[in-house]
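Subject: Structure handover

Hello,

Here is the structure I promised to pass on.

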Amino acid sequence: MTSKTIANGILRAVGILAAIVLLLYFFYIIRSVLAYLAVAVVTALIGRPIVLFLRRKLNFPNLLAVILTMLLLVGVLAGVLALFIPLITEQSKNLSLLNIDELQNSINTLYHKTTHYFGLSSHLVEDVIQDTEIEKDILRDLDIGFIPNFLNSLLDILSSASIGLFSVLFISFFFLKDSKLFQNGLLIFVPQTKEKGTINSIEKINNLLSRYFVGLLLQIFILFIIYTIVLLIVGIENAIVIAFLCALFNIIPYIGPLIGGGLMIILTMTSNLGADFSEVILPKAGYVLIGLAIGQLVDNFFSQPFIFSNSVKSHPLEIFLVIIIAGLLFGVVGMIVAVPGYTAIKVILKEFLAENKIVKSLTENL
């Protein structure tokens with residue numbers, strides 16, 4: 001190997017690394033556009049079953065089916081915004097969702113009432129916390145800002161996302177109108193010998209992910225109905241808003257229901273701080289806890305098996321491990337995209353590596 005060959009190899013490697021860095025930087029610059037594309041893809045996947053139903057069952061022309069589907073999706077979005085955003089904005093102080101200091105003071109008051117009710121001294125509780133190697137001032141200095149971060153981000157996006165919303169709707173329209181638009185663009189980079197397998201993979205991924213996202217919406221809707229009924233029976237103010245926000249946290253697998261349930265209990269108890277603890281606050285919290293348990297039982301034994309097993313054809317244990325690994329590697333975002341990403345990977349592996357023993361075992365249900 002001559003010095004010239006080595007120098008050329010080094011230059012080629014440096015050139016490749018520089019190209020990768022520039023490409024990543026370019027993706028970083030256009031990250032908002034990539035986000036619009038991602039949301040548009042999900043929107044198109046959700047609307048796809050509606051378009052197919054209108055075309056195949058009602059014999060609608062493709063363009064008319066797409067227009068009606070987009071109008072339906074926009075109508076649902078407008079209804080959600082019209083119903084919840086004004087309530088969240090007007091009642092933010094009462095709900096303590098956007099006022100962290102007020103919520104923290106309410107939790108401290110609730111903490112003192114709880115310890116007094118059970119006959120516990122604050123020194124005893126602090127000693128127990130210290131013995132378990134938890135920070136002594138954890139209740140006083142508890143950072144609960146993570147709870148409304150998602151909600152505040154959602155409100156910020158909705159308040160300044162007119163361009164983004166238009167972009168998403170525009171892109172979604174053409175994804176629905178020309179279902180092969182993304183496919184044709186991807187085939188440009190695929191060798192001709194792999195085109196057939198790529199087309200089959202894209203079709204299967206579209207079908208599976210459409211069922212997954214529609215099922216996810218159904219899961220959130222079922223929890224919203226259960227939570228709303230429970231909170232209305234208990235007599236909690238702004239029950240519909242609280243139920244919607246807590247059900248929305250279910251988008252985050254495993255951790256989301258815990259956060260949503262904790263938020264519901266806290267809001268239930270802090271909304272009645274002026275009442276008697278033993279006769280009002282504690283019983284209401286108990287009823288809400290029972291409602292949460294019912295909601296999670298329905299979710300775990302009906303909703304999740306329907307979504308994970310039937311829509312993406314994966315074993316619940318398999319999904320659990322994938323979500324945990326994705327969460328460790330990429331955080332909450334990884335947990336959210338773990339199931340659709342893993343499903344797409346399985347479809348691609350089955351299409352191109354069908355004879356591999358490991359791939360066979362993982363994709364036998366696809």
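First, the ground rules. This is a predicted model, so local features need pLDDT of at least 70 and side-chain atom pairs count only at pLDDT 80 or more, while totals for chains, interfaces and linings use all residues. Residues are numbered from 1 along each chain as its sequence is written, and side-chain values use heavy atoms, with hydrogens and water left out.

Overall picture

The chain has 15 helices and zero strands. Helices (H or I, at least four residues) and strands (E, at least two) are DSSP runs, numbered from the N terminus. Of the 366 residues, 37% are buried. Buried means under 20% relative accessible area, exposed over 50%, and partly exposed in between (1.4 Å probe, protein chains only). Take the contacts with a separation of 6 or more: 68% of them join residues 24 or more positions apart. Contact here means heavy atoms within 4.5 Å.

Helix 2 against helix 10

The axes of these two helices come within 8 Å and cross at roughly 90 degrees. Axes are lines fitted to C-alpha atoms, for helices over the stretch in contact, with angles from 0 to 180 degrees between N-to-C directions. Helix 2 and helix 10 are therefore roughly perpendicular to each other. That label covers 65 to 115 degrees; under 35 is roughly parallel, over 145 roughly antiparallel, and the rest oblique.

Helix 2 brings Val42, Leu45, Ile46, Arg48 and Pro49 to the contact. Helix 10 meets them with Glu203, Asn206, Asn207, Leu209, Ser210, Phe213, Val214 and Leu217. By class, that makes eight nonpolar, three polar and two charged residues. Ala, Val, Leu, Ile, Met, Phe, Trp, Tyr, Cys and Pro count as nonpolar, Asp, Glu, Lys and Arg as charged, and the others, Gly among them, as polar.

Salt bridges

There are two salt bridges. The rule asks for a side-chain nitrogen of Lys or Arg within 4 Å of a carboxyl oxygen of Asp or Glu.

One joins arginine 48 and glutamate 203 at 3.8 Å, N to O. The partners sit 155 residues apart, arginine 48 in helix 2 (residues 31–56) and glutamate 203 in helix 10 (residues 195–234). Arginine 48 is buried at 18% relative accessible area. Glutamate 203 is partly exposed at 29%.

The other joins glutamate 318 and lysine 346 at 3.3 Å, N to O. Both of these residues are buried.

- Threonine 198 lies in helix 10 and is buried at 9%. Its contacts are Leu186, Leu187, Val190 and Phe352. A polar atom of its side chain lies 2.8 Å from the backbone oxygen of lysine 194.
- Serine 201 is in helix 10 and is buried at 4%. Its contacts are Val347, Ile348, Glu351 and Phe352.
- Isoleucine 205 is in helix 10 and is buried at 13%. Its contacts are Ala344, Val347 and Ile348. From leucine 45, isoleucine 205 is 160 residues away in sequence and 10.0 Å away in space, C-alpha to C-alpha.

Best wishes

Key
Polar contact = N/O pair within 3.5 Å; in protein donor to acceptor, adjacent residues only side chain to side chain. Lists of a residue's contacts leave out its neighbours within four places in sequence.
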